[in-house]
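Please examine the sequence and the structure shown below. The paragraphs that follow lead through selected local features.

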Amino acid sequence: MDIKRVTLLGNKDHGKSTLIGSLLIATKSATKQRIDEAKKVSMKLGRDFEPGFILDSFEEEREGGLTIDTTRAQITYRDAAFEFIDVPGHEELIGNMISGASYGDFAVLMVSAKGGEGVTEQTRRHLVLAKLLGIRRVVVAVNKMDMVAYKKERFEAIVESVQEFCMNVGFEPGSVVFVPVSAYNADNLVKRSMHIRWYRGKPLMELIYEAASARKKGNRGLRLLFQGTIKSGRKTLYTGKIVNGRLRRGQRILVMPLGKNAVVSSLYVKGKEIGSASEGNNVALEMPGTHATRGCIGFEPESNPRCGTVFEAMVFSVGRIPKKVQLRMNGSEFMADVSVFGEIDLKSGKIKEANSIKPLGTGKAKIRLSRSVVIESAAECPEMGRFLLYDSGKFAGIGVIG
Amino acid sequence: MVKEIDRIVDSLWSVNDAGNWDRLRKKLDSSGIRYYRVVFEHGLRKADDMNKSYVELYDSKKKLVSKVPVAVRDGKKFEGALIYLKGLSNMNKVD
Amino acid sequence: MIMQNISELEEKSAYIIRETKEKFENVAALWSGGKDSTAMIMIARRAFLGKVPFPVIHIDNGIDFPETYKFRDDLAKKWNLNLIVAKSRIKPELSGFSCCGSNKTDALKEVMKEHGFDALIVSIRRDEHGIRAKERYFSPRDTEFKWNYKDQPAELWNNYSSKMDTKGHVRVHPILDWNEIDIWQYTLKMKVPVNPLYYSSNGYRYRSLGCTHCTVPVKSNARSVKQIMDELKVTETEERAGREQDKEKAYVMEKLRALGYM
């Protein structure tokens, strides 16, 4: 079984922890012992049962005297397993999104329907960043419906506001779906709620399941990312990762940006010589006569990859991005000139003219590199069109080509 | 054979050094000793607790044959000695 | 316990190990003789076509199980490992939580310094500790572990921090994503040698191996990897059973306080 990582977005206090707790109960993913303990703690505090207390975030790990609390909960639903990650605050969430491990290509966004909460700047910031990170589908849980008497109008107002923003940011129509829920009462989480009869759609977990199992589209052409070399006896083999497509022994490939054709004379995966390898495989191979270095990309010979030093990109800024930065892409590092020409307006999601990007903001920039690279948009091949920016060795931002 | 082991163990308790442990190690495989059980009688909170800890050695019928320290003493320092018992099987699980 | 796709897990781990070897000059790995670090070495063997290209360090305080010493020495020979034993002495005065009363950190520091290692592969898993705070495969050693995202090395899109970002060494966690049961599934499939202490005798087995002082057996009748897996599928106890329960209760209260509930 694969564990699908769920990126959980949304304003602080819009109910993320409660949602995870309720899902743990509703999907029977939490042990009875854990639920009982949470009940006890709730009682001790003289309050009604709080599902959020089930999370094992109550256990805290201490490292270097500092307390860190990130919660992960594994939830099984139908034939799949989902791992929900929750972090306490807004800055932590942003930090986790941009520095954590790779995510899937869908996210769950919590928006509180309660008066005075609704769609906030944080909500919109998370959506912008999600888009940039390559998240293509968003399941929006409009939460706390119990606190607005399950009113359809309130739900629809939030749907409209989020929908419009998402379209401006560039999500495809139909890729953002909505469900009215009450995490606290477990309304519409796993089963359709009797409280919200006007809602005809699927419950949250089903929408998450569908978003997670939607097939990746895009080109199927070979993209072999060269990593380095290893020695085996007297032989030196190239190592690399196939991020897209297939590779066969005996196949002729085009190594860019060298622009050279080479034949893969032997091919190894997991220590064994094999006839063909595919997406996700870490390969070792012999390729006589061509010296591929780290950062080179292997293509099918008939493909026509674009190479160059200049491209446009969408960039997220952690603090401030200076004009000259180090850029890491596909395992290599480059010096880069960044000239910003637009920034996303957080109110509308539209790009407005600007020559710098505010901290935690996202904008458009023209990037000029010190040497030639393969330029492929992230929309075409997500693994290839992404980069990280550093200012004097310090992490400064991320970007995607296109 | 058991007598020889006894003699080595006796000298180990009076002079707990690497030399005596080596002597035990050499005889161990042919001694009939098959199992061990480590006993930290007073836990392990300070170095002196090592002095109160020992390893019971058993034969193939799980009959207690002898007891040895858990550590080698090197001046004032202790170093665990369980590598000298390599080849024996655990009986701690059998409380 | 959720069982994952070990083929995919292995690819991810192999990538991280190769990346470590590519980016650092002097790599070493910790090897306890336990199931996790042994599985990691198996992954490395396969990723490097049979030969583990870095030394493996056993931090030894002398009171590991005799079986572990045998397992270590036999496998080091069989797999042609470059084994470094870092001896850690029992300290005269022991404080609270130092395991087995020895200072393993000192022994490690010494051996790291002596050999000048700039990357250390450590086989920790996220599911070992209820939560393993941040998702970090590469963790620079001498920076404060603050939750300050501006200073966190970004670990995104297969870009990992290298020596350039730190002055000390970097800890690498290639099997962070594996669950306990995944390790066993891999062990079974790849026929990775198993320390016999993991198997049941007289109704007990060891579930995670430390030294003879800190390791407590659990009730079990599992006499094979297959049976261990069957037991894990239904177990509700944590791998590190015997942790002090009161301490966790204290954490609960502290957390609630921090959240403003108390």
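C:Ser220 lies in the loop that connects β8 (217–219) with α6 (225–234) of chain C; helices (H or I, at least four residues) and strands (E, at least two) are DSSP runs, numbered from the N terminus. This is a predicted model, in which local features need pLDDT of at least 70 and side-chain atom pairs count only at pLDDT 80 or more, while totals for chains, interfaces and linings use all residues. Residues are numbered from 1 along each chain as its sequence is written, and chains are lettered from A and ligands numbered from 1 in the order in which they are written.

C:Ser220 has 21 other C-beta atoms within 10 Å and is therefore buried (20 or more such atoms within 10 Å, with C-beta atoms placed from the backbone; 12 or fewer is exposed, and in between is partly exposed). Not counting residues up to four places away in sequence, C:Ser220 touches C:Ser200, C:Tyr204, C:Arg205 and C:Glu231, contact being defined as C-beta atoms, placed from the backbone, within 7 Å. The C-alpha atoms of C:Ser220 and C:Tyr206 are 8.8 Å apart.

In chain B, an open sheet of 4 strands runs in the order β3-β2-β1-β6 with mixed pairing; two strands pair if DSSP finds at least two bridges between them. β3 (64–69) and β6 (89–90) of chain B each have a single partner strand, so they form the edges and one side of each is left without a neighbour in the sheet. β6(B) pairs with β1 (residues 33–39) of chain B in the parallel sense over 2 bridges, and B:Tyr35 has B:Ser89 as its bridge partner in β6(B).

Terms used
Contact = placed C-beta atoms within 7 Å.
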